[in-house]
Amino acid sequence: MEAVLVVAKARGLRHWVSIALLAIVIVAVVAACGGDEESTLLGRLIFLSRSTGDYDIRLRTSNDRLPVELGRVLPWDSQPSWSPDGTRIAFYSDRNFNLPDRDNNVDIYVMDAGGGDLTRLTDHRASDAFPQWSPDGQRIAFYSDRDGNGEIYVMNADGSGLTRLTDNDAIDIPYGWSADGRNLVFTSGRKGTLDLFLLSVGTGKTKRLTKTKGQDVAAVWSPDGSRIAFESNIGGNSEIFVVNIDGSREEVNWTVRQLRDTYPAWAADGVRLAFVSDRTADIEIYVLDTNFSLLKAVTDSPREDAWPAWSPDGARIAFVSDRDFNREVYVANADGTGVTRITNDPETSDLSPVWSPDGSRIAFVKAHDGRRDIYVVNADGSGLVRLTNDGGQAASAAGASKE
């Protein structure tokens with residue numbers, strides 16, 4: 001793997017992706033996929049740092065003006081993911097960072113819900129990221145480029161039993177398990193553009209789900225496992241689509257606007273779908289009733305509202321807003337009433353809210369003093385606790401995979 005530091009400026013990417021100051025380019029040694037010049041994938045993950053302190057992760061194409069956005073997360077300690085029973089939190093981190101000798105890779109860690117018993121699950125010079133808990137909490141699927149290009153791996157929740165699930169020249173990135181634990185949905189460039197595929201964890205067989213001619217990312221399962229919502233960028237415009245996994249109904253574009261619609265998130269009822277759109281003059285959160293195609297704006301602010309996360313009971317939505325001129329976490333009722341600010345620190349940016357399975361707490365990432373750490377707060381804004389502090393915490397390496 002080759003790590004390259006570059007300075008990048010982003011232009012024409014709409015105001016919420018603002019200016020990119022530093023790009024940490026992780027180059028996977030893969031063959032370019034087929035396709036036209038604008039959509040040819042080069043198999044390179046790019047970590048784009050922004051002035052707000054958060055990061056975008058993108059995949060480079062042959063046209064440097066059109067990187068494919070894969071997610072918005074936060075190294076150093078990033079993407080908190082609750083175990084199904086709510087007792088543990090997995091995340092990935094480049095906490096090995098040091099200025100004289102940075103290794104430029106990220107690994108996967110797990111800790112208990114109070115921040116204790118921090119354990120490093122992977123220990124490899126390549127990058128391991130995007131941890132996804134199995135529904136029974138016994139396994140974690142993740143992305144790694146340890147074998148030369150981005151593939152999907154699975155391990156036991158203690159880091160043992162590492163198994164490679166995909167083996168393809170293209171980049172493969174997991175998005176989540178089906179409710180029955182049998183399948184993973186992932187995006188792959190094996191057909192020239194990023195398409196969604198189903199992977200049978202037991203047999204290793206794959207099934208192509210989407211053929212949109214765009215870059216299909218941000219896949220989320222409906223609670224009953226019958227449908228997958230996703231974002232597709234076609235001709236530079238992102239829309240929200242839904243596909244049935246049994247093939248009975250191919251991709252359906254639910255948003256159909258010449259403006260950006262992104263961040264799909266299902267409510268627990270499997271009917272309501274939240275997403276972010278700039279279809280008005282501002283970036284707001286909307287909820288779509290997929291039974292009746294009814295659309296409702298949940299937020300109405302002259303500044304950016306994004307990153308929606310449903311509470312487990314579907315009654316509330318956590319989100320990030322800079323309506324008070326600093327990115328903080330808010331909670332609102334699903335109909336947009338009762339907006340409450342639950343974090344309040346003008347010196348930091350708070351991002352990536354994720355509800356605990358019982359709906360009582362929210363984990364999020366705080367960028368402060370050149371650091372990124374994971375915090376948890378009660379859903380009413382009380383009981384703020386800092387869970388990670390890589391300057392003063394040493395993770396045990398028990399079970400860490402070094403293959």
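Predicted model: local features only at pLDDT ≥ 70, side-chain atom pairs only at ≥ 80, totals over all residues.
Two strands count as paired here if DSSP finds at least two bridges between them.

**Entry 1: a four-stranded sheet**

I looked up which strands sit side by side. Four of them make an open sheet, ordered β14-β15-β16-β17, and the pairing is antiparallel. At the edges I found β14 and β17 (206–208), each with a single partner strand, so one side of each has no neighbour in the sheet. A reminder to myself: strands of a sheet pair through backbone hydrogen bonds, in either a parallel or an antiparallel way.

Next I went through the pairs. β14 and β15 run antiparallel and share five bridges. Across that pair, Trp-177 stands opposite Leu-184 in β15. Five residues lie between the two strands of this hairpin, and there Gly-181 takes a positive phi near 75°. β15 and β16 are antiparallel too, over six bridges.

How many residues of β14 are buried? I counted through strand β14 (residues 172–177) and got six of its six, so I call the strand mostly covered, with buried meaning under 20% relative accessible area.

**Entry 2: rings**

I searched for aromatic pairs and the structure holds 10. Phe-186 and Phe-197 make a stacked one, 5.5 Å centre to centre with 20° between the planes. This pair links distant parts of the chain: Phe-186 belongs to strand β15 (residues 183–188) and Phe-197 to strand β16 (residues 195–200), 11 residues apart. Both Phe-186 and Phe-197 are buried.

Then I looked at Phe-275 and Tyr-286. Their ring centres are 5.8 Å apart and the planes meet at 20°, so I log this pair as stacked. Phe-275 comes from strand β23 (residues 272–277) and Tyr-286 from strand β24 (residues 284–289), 11 residues apart, so here too distant parts of the chain are linked. Are these two buried or exposed? Phe-275 has 1% relative accessibility and counts as buried; Tyr-286, at 7%, counts as buried as well.

Elsewhere, ring pairs join Tyr-92, Phe-130 and Tyr-143 into a cluster.

The charged end of Arg-190 sits over the ring of Phe-197, 5.2 Å from its centre. The charged end of Arg-323 does likewise over Tyr-330, 5.3 Å from the ring centre.

**Entry 3: Trp-310**

I found Trp-310 in strand β26 (residues 305–310). Why do I call Trp-310 buried? Its relative accessible area is 10%, and the cut-off for buried is under 20%.

What does Trp-310 touch, leaving out residues up to four places away in sequence? My list includes Ala-265, Trp-266, Ala-267, Arg-272, Val-287, Arg-316 and Trp-355. The side chain of Trp-310 also reaches the backbone oxygen of Ala-265, at 2.8 Å. I noted one C-alpha distance too: Trp-310 and Val-354 are 44 residues apart along the chain, and their C-alpha atoms are separated by 8.4 Å.

**Entry 4: Asn-237**

Asn-237 is in strand β20 (residues 237–244). Asn-237 is buried, with a relative accessible area of 10%. Its side chain joins that of Glu-239 in a polar contact of 2.6 Å.

Terms used:
Residues numbered from 1 in each chain as written. Heavy atoms only, no water. Buried < 20%, exposed > 50% of the residue type's maximum accessible area, 1.4 Å probe, protein only. Polar contact = N/O pair within 3.5 Å; in protein donor to acceptor, adjacent residues only side chain to side chain. Phe/Tyr/Trp six-rings, centres within 6.5 Å; stacked < 30°, edge-to-face > 60°. Lys NZ or Arg CZ within 6 Å of the ring centre and 35° of its normal. Contact = heavy atoms within 4.5 Å.
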